Amino acid sequence: VSDSSFVADALRATAVELFTRNDRLVRLETLIDLGWAELARDDLRVAVSVLAEEQGRQLGVSRLVELAMCAAAPSLFDPAAEALVFSIGSGGLVTFPNNASIDGVVLADGSEAARFVIPTSAGATVRLPRRAASDLDAAPVTGIDPEARITRVRAAAVGGGGAPAEGWDHAVAIGSLAIAHELLGVVDAMLELAIGHVRERHQFGVPIGSFQAVQHRLADVRVDASAAHAVCTTAWIERDRYICAAARSAAGRAFETATRHCQQVLGAMGSTWEHRLHRYQRRGILLNLLLDPALTLREALSTVVIDQRRVEVLET
Amino acid sequence: VTTVAPAPSPGELRVQLHEWLAAHREKFADAGRHAESPSLEEAIVPELALQRALWDEGFTRWGWPAECGGNGGSAVLRAAVYEQLVLDGFRIPHPMLTIETLGPAVVAFSPEVTASHLGPCLRGDEVWCQGFSEPEAGSDLASLRCRATATDNGWAVSGQKLWSSLGTVSARTAMLVRTGDAGHRGITMLLVDLDAPGCEVRPIRASSGRTEFAELFFDDTPVAADRVIGPVHGGWGVAMYLLQWERGMFGWLRQAALHARLADLLAAVGPLADDDADRVAEAWVRVSALRASTARTVQRLAVGENLGPEVSVDKVLLATAEHEVHDCERRLRPVDFALGGSDADEVFRADWFYARMASIYGGAIEIQRTLIAERVLGLPRSPR
């Protein structure tokens, strides 16, 4: 057993304990006190993948994605005083065009930050102008996921301002991996619910999990989850932005497959408010809007695929 | 006594191969990705020439034991060589696909056959095929009935095999035969010469138009006792070991080809509408997953791990990746696909039809999904 798997196991146990506390919110200072800086410095992969997967599995809430992004590019912003505004649903953009109005979200206790960081782009250049939170229209919204503690932020165009953001692409790549792992935690929890149900639920005198029509749906969830885990592994080797976007995309696909199939095999029980399934569906739908990989992947088609650039996966 | 240098790393071997291929590009031009004949029998000729040269130069000797002429070293080195071939614009010779399913099982279960026969197969002097499926034994492989009866100096085989890829160009088949009672405990694997008395090979033309496979008939065909691969009645274990390599290394070979296909497609069609681009991107992500997953499988098999039912994931990934890539290609080049008259268009169509079989050959994905459900996820057993 390697040092890193020992650290991972210990971290996982801590994460479960933190994310299952009553309100499931792990505040920024708690993550800092946990030794985030050292964990991230020692093994960013273990720190991000373990915490994010448990956060997903436990329906936890934190600013882990921002911490991961800042670990990748420390000069981006200061999470203790500033929170990032995430773009949602702007045609796959992860930034706000600098002449367009702002409509995005701040995650978890980021709403308490004094300043909001608004990633804006003019052409290929990304800048991170700051605005006082009090100057923006920011209000908590329940929306699809009442447990996610998101704050919707709206404002008129903020324009450019400030120097080009150093390391933005790399930060998005690592942030995408954090979201991918969180989605995979969500998928894992959904699959576990579905497996438990189809083993116990009997119809026609047999457990419904013995029907191949049911089995094959859950097998497909497992295949897509394994596929996403495999791409995440490759992405952590090279940390190339295209492979990270692929990992984020594969995790999104696994979530959509899980949402479809787990709901179906959980039947009417899984369609009640009382059942936990919809809480995972709601969380995944929200996560799947953050750091949309679509544009990066389209860009990859003209570069990484054509060049057949490779992460050497045989030597690790 | 030959002295063999210490094994290179996969990366070092890639560089050596890349340089050698660059210097011999013209000589093996007909084995190029874009020079494939629509006829499998014709396509295979330059591929075998390349296969021989790769062996003689030592590239494909890495990862095979000294007993069959190999240089030793990890099987991961083989994976590196295959991918590099594709990256440098060559086809992976068709016979190497069968080598990667049969070879590891021969090495693991029969030092005798490894020493006596595997070398010429690896060098491309002769082609081998699998003899697994039968008319009444497809997904339910353990119900196979082709029988081998013990004789004074070996076995006499009678029965039929079906869907043997490359059967029409093969010299031998590694086949599963019934030597004992019904069920998986009465099965043995034999290496059988296809020019032996009582053996007949009939080609089967696939929907692709190519003679992809053959049916093999045996009537009291004699097989020497030293042609048993693994224990007598222990053929099921050999087949299960073999199937792990078929999932892992075969999937790895195919990801290399599928990556190249996507690259060629993008180069051919130019800028894409967003929804087309998103489809291609999704296929690329799937192929990336196949690559990542099969790389891990190959690495684990190379160090002797027994992977069990988890390898079925690779097979489902392969099938879905094949379908997605080829469907993208058909969607983006509909006119070439429907009307094109060149050899390349004919191969394009043949490849699409062949890709449809990826969810059938080597164990239909319905079987894989059931294995994943029952043996990975722990669901209750379905009625059989």
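Modeller: Contact here means heavy atoms within 4.5 Å. Helices are DSSP runs of H or I with at least four residues, strands are E runs of at least two, and both are numbered from the N terminus. This is a predicted model, in which local features need pLDDT of at least 70 and side-chain atom pairs count only at pLDDT 80 or more, while totals for chains, interfaces and linings use all residues. Residues are numbered from 1 along each chain as its sequence is written, chains are lettered from A and ligands numbered from 1 in the order in which they are written, and side-chain values use heavy atoms, without hydrogens or water.

Biologist: Which residues of α2(B) and α4(B) meet?

Modeller: From α2(B), B:L40, B:I44, B:E47, B:L48 and B:Q51 touch B:H94, B:P95, B:M96 and B:I99 of α4(B). That contact consists of 6 nonpolar, 2 polar and 1 charged residues; the nonpolar class is Ala, Val, Leu, Ile, Met, Phe, Trp, Tyr, Cys and Pro, the charged class Asp, Glu, Lys and Arg, and the others, Gly among them, are polar.

Biologist: At what angle do α2(B) and α4(B) pack?

Modeller: Two packed helices are described by the angle between their axes and the distance between the axes. Axes are lines fitted to C-alpha atoms, for helices over the stretch in contact, with angles from 0 to 180 degrees between N-to-C directions. Helix α2 of chain B (residues 40–56) packs on α4(B) at about 70 degrees, and their axes are 8 Å apart. The pair is therefore roughly perpendicular, a class that covers 65 to 115 degrees, beside roughly parallel under 35, roughly antiparallel over 145, and oblique for the rest.

Biologist: How do α4 and α6 of chain B cross?

Modeller: Helix α4 (residues 94–109) and helix α6 (residues 235–269) of chain B cross at roughly 140 degrees, and their axes come within 8 Å. On the α4(B) side the residues include B:M96, B:L97, B:E100 and B:F109, and on the α6(B) side B:Y241, B:W245, B:E246 and B:F250 are among them. The contact of α4(B) with α6(B) divides into 14 nonpolar, 2 polar and 2 charged residues.

Biologist: How are α6(A) and α9(A) oriented to each other?

Modeller: In chain A, α6 (residues 168–200) and α9 (residues 277–287) pack at about 160 degrees, with axes 10 Å apart. They are therefore roughly antiparallel, and their crossing is left-handed. Among the residues that meet are A:I179, A:L183, A:V186 and A:M190 in α6(A) and A:Y280, A:R283, A:G284 and A:L287 in α9(A). This contact of α6(A) with α9(A) has 9 nonpolar, 2 polar and 2 charged residues.

Biologist: How many residues of α5 in chain A are buried?

Modeller: Buried means under 20% relative accessible area, exposed over 50%, and partly exposed in between, with a 1.4 Å probe and protein chains only. In α5 of chain A (residues 64–72), 8 of the 9 residues are buried, so the helix is mostly covered. The buried residues include A:L64, A:L67, A:C70 and A:A72, and also A:E66.

Biologist: Which residues does B:Q130 touch?

Modeller: B:Q130 lies in strand β1 of chain B (residues 128–131) and is buried at 17%. Leaving out residues up to four places away in sequence, B:Q130 touches B:T98, B:T101, B:L102, B:S164, B:T173, B:A174, B:L242 and B:E246. Its C-alpha atom is 9.6 Å from that of B:S170, 40 residues apart along the chain.

Biologist: What is the phi of A:R24?

Modeller: A:R24 has a positive phi of about 60 degrees, although it is not a glycine. A:R24 sits in the loop between α1 (3–19) and α2 (28–33) of chain A and is partly exposed at 24%. A:L291 also has a positive phi, near 50 degrees, in the loop between α9 and α10 (294–302) of chain A, but A:L291 is buried at 3%.

Biologist: Where is A:D43 found?

Modeller: A:D43 is in the loop between α3 (36–42) and α4 (44–57) of chain A, partly exposed at 26%. The C-alpha atoms of A:D43 and A:E299, 256 residues apart along the chain, are separated by 29 Å.

Biologist: How many disulfides does the structure hold?

Modeller: A disulfide is a covalent bond between the sulfur atoms of two cysteines; the criterion is a pair of sulfur atoms within 2.5 Å. Over all chains there are 0 disulfides. The sulfur of B:C199 has its closest cysteine sulfur in B:C129, at 8.9 Å, which is too far for a bond. B:C199 is buried at 15%, and B:C328 is buried at 2%.

Technical notes:
A crossing is left-handed if the near helix is turned anticlockwise from the far one by less than a right angle, and right-handed if clockwise.
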